Amino acid sequence: MKLHDLHPAPGSHRARTRVGRGIAAGKGKTAGRGTKGQKSRAGSSIPAWFEGGQTPLHIRIPKLRGFRNINRVEFEVVNVGAIAAAIEAGRVETAPTTRGRKAAPTTVNADILRGAGLVRDVRRPLKVLGSGDLGVALFVVADAFTKSAREKIEAAGGTAQLIEVPSTPMAALGVETAAPAATPPPSSATSTAPTAAGRATPEVAAVADVAAPDEAAADAPDPDEVASADADASV
């Protein structure tokens with residue numbers, strides 16, 4: 001074996017394509033650009049978003065004004081007039097009446113309205129609107145009420161009960177919350193010298209404690225004076 005007998009493994013080396021170097025090179029004549037046309041010419045550079053001269057997509061889209069609110073809440077809505085019509089048609093079960101007693105208000109919630117065909121999806125929050133007339137007392141449980149709906153429900157002798165979701169975490173049932181820790185009483189070292197506002201600061205209290213022994217020493221009698229006074233009294 002000699003040096004000229006060495007060859008790379010089949011498929012590991014591939015010759016570079018010689019574009020535009022004749023038909024024998026495999027990419028001769030039109031050099032892979034097709035035949036004629038704008039893109040076959042030298043210096044042609046058309047951007048990918050070019051649409052042949054018509055109004056581009058990035059200019060057409062801003063004409064559609066508005067935006068999608070990510071915080072929008074999709075309600076299942078029902079009018080008080082539709083509820084009254086469902087009750088008259090017998091699609092909503094009413095409370096039984098007894099002789100001599102006033103009938104209890106009819107309970108209305110999302111599940112009952114779904115059974116009556118007034119609500120499609122009970123997973124959405126329920127909102128009661130005020131369109132229509134209402135002449136029966138209702139106990140309505142919903143996530144939101146319009147002002148007119150609440151007024152009509154209450155005017156008919158009913159109650160509009162709002163479902164409230166707590167904004168703060170609540171303790172589990174049967175679990176008592178810990179009482180707040182009591183503040184410790186002030187120590188004697190920091191409650192001696194009052195300030196102008198009637199309170200004692202630690203710095204003033206420390207100065208007062210240091211100055212107290214000096215004042216006591218100043219008030220004590222001199223031992224020499226006591227000894228001389230005793231000598232005079234003995235003479």
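## Thr 106 and strand E2

In this predicted model, Thr 106 lies in strand E2, and with a relative accessible area of 6% it is buried, because that value falls under the 20% cut-off. Leaving aside residues up to four places away in sequence, Thr 106 touches Val 92, Glu 93, Thr 94 and Ala 95 as well as Ala 137, Leu 138 and Phe 139.

Strand E2 belongs to an open sheet of three strands, ordered E2-E4-E6, in which the pairing is parallel. Its edges are formed by strand E2 (106-108) and strand E6 (159-162), each of which pairs on one side only. From one strand to the next, the twist averages 15°. In general, the strands of a sheet pair through backbone hydrogen bonds, in either a parallel or an antiparallel way.

Strand E4 (residues 138-142) is joined to E6 by four bridges, and the two run parallel. Along this pairing, Phe 139 stands opposite Thr 159 in E6, while Ala 142 stands opposite Leu 162 in E6. The residues of E4 divide between two faces, with Leu 138, Val 140 and Ala 142 on the covered face and Phe 139 and Val 141 on the uncovered one. Phe 139, which is on the uncovered face of E4, is also among the residues that Thr 106 touches.

## Helix H4 on the sheet

Which strands does helix H4 touch where it packs on the sheet? Helix H4 (residues 147-155) touches E4 and E6, and its direction makes about 135° with that of E6.

## The sheet E1-E3-E5

Another open sheet of three strands has the order E1-E3-E5, again with parallel pairing. Here the edge strands are strand E1 (76-79) and strand E5 (144-145), and each pairs on one side only. Strand E3 (residues 126-129) is joined to E5 by two bridges, the two strands running parallel, and the bridge partner of Val 128 in E5 is Phe 145. Helix H2 (residues 80-88) lies across E1 and E3 and runs at about 70° to E1.

A charged side chain and a ring also come together in this model, for Lys 127 lies over the face of Phe 75, at 5.5 Å from the ring centre. As for pairs of aromatic rings, the structure holds zero of them.

## Ser 40, before helix H1

Ser 40 has its place in the segment before helix H1 (57-60). Is Ser 40 buried or exposed? With a relative accessible area of 19%, Ser 40 counts as buried, because the value is under the 20% cut-off. A polar atom of the side chain of Ser 40 lies 2.6 Å from the backbone oxygen of Lys 36.

## The chain as a whole

The protein chain contains six helices and six strands, and from the N terminus on its elements run α-β-α-β-α-β-β-β-α-β-α-α. Of its 235 residues, 14% count as buried, and Thr 106 and Ser 40 are both described as buried. Among the contacts in the protein chain with a separation of 6 or more, residues 24 or more positions apart account for 37%.

Terms used:
Residues are numbered from 1 along each chain as its sequence is written. This is a predicted model: local features need pLDDT of at least 70, side-chain atom pairs count only at pLDDT 80 or more; totals for chains, interfaces and linings use all residues. Side-chain values use heavy atoms; hydrogens and water are left out. Rings of Phe, Tyr and Trp (its six-membered ring) pair if their centres lie within 6.5 Å; planes under 30 degrees apart count as stacked, over 60 as edge-to-face and the rest as tilted. A charge sits over a ring if NZ of Lys or CZ of Arg is within 6 Å of the ring centre and within 35 degrees of the ring normal. Two strands pair if DSSP finds at least two bridges between them. Axes are lines fitted to C-alpha atoms, for helices over the stretch in contact, and angles run from 0 to 180 degrees between N-to-C directions. Contact means heavy atoms within 4.5 Å. Buried means under 20% relative accessible area, exposed over 50%, partly exposed in between (1.4 Å probe, protein chains only). A polar contact is a pair of N or O atoms within 3.5 Å; within protein, one must be able to donate a hydrogen and the other to accept it, and residues adjacent in sequence count only if both atoms are side-chain atoms.
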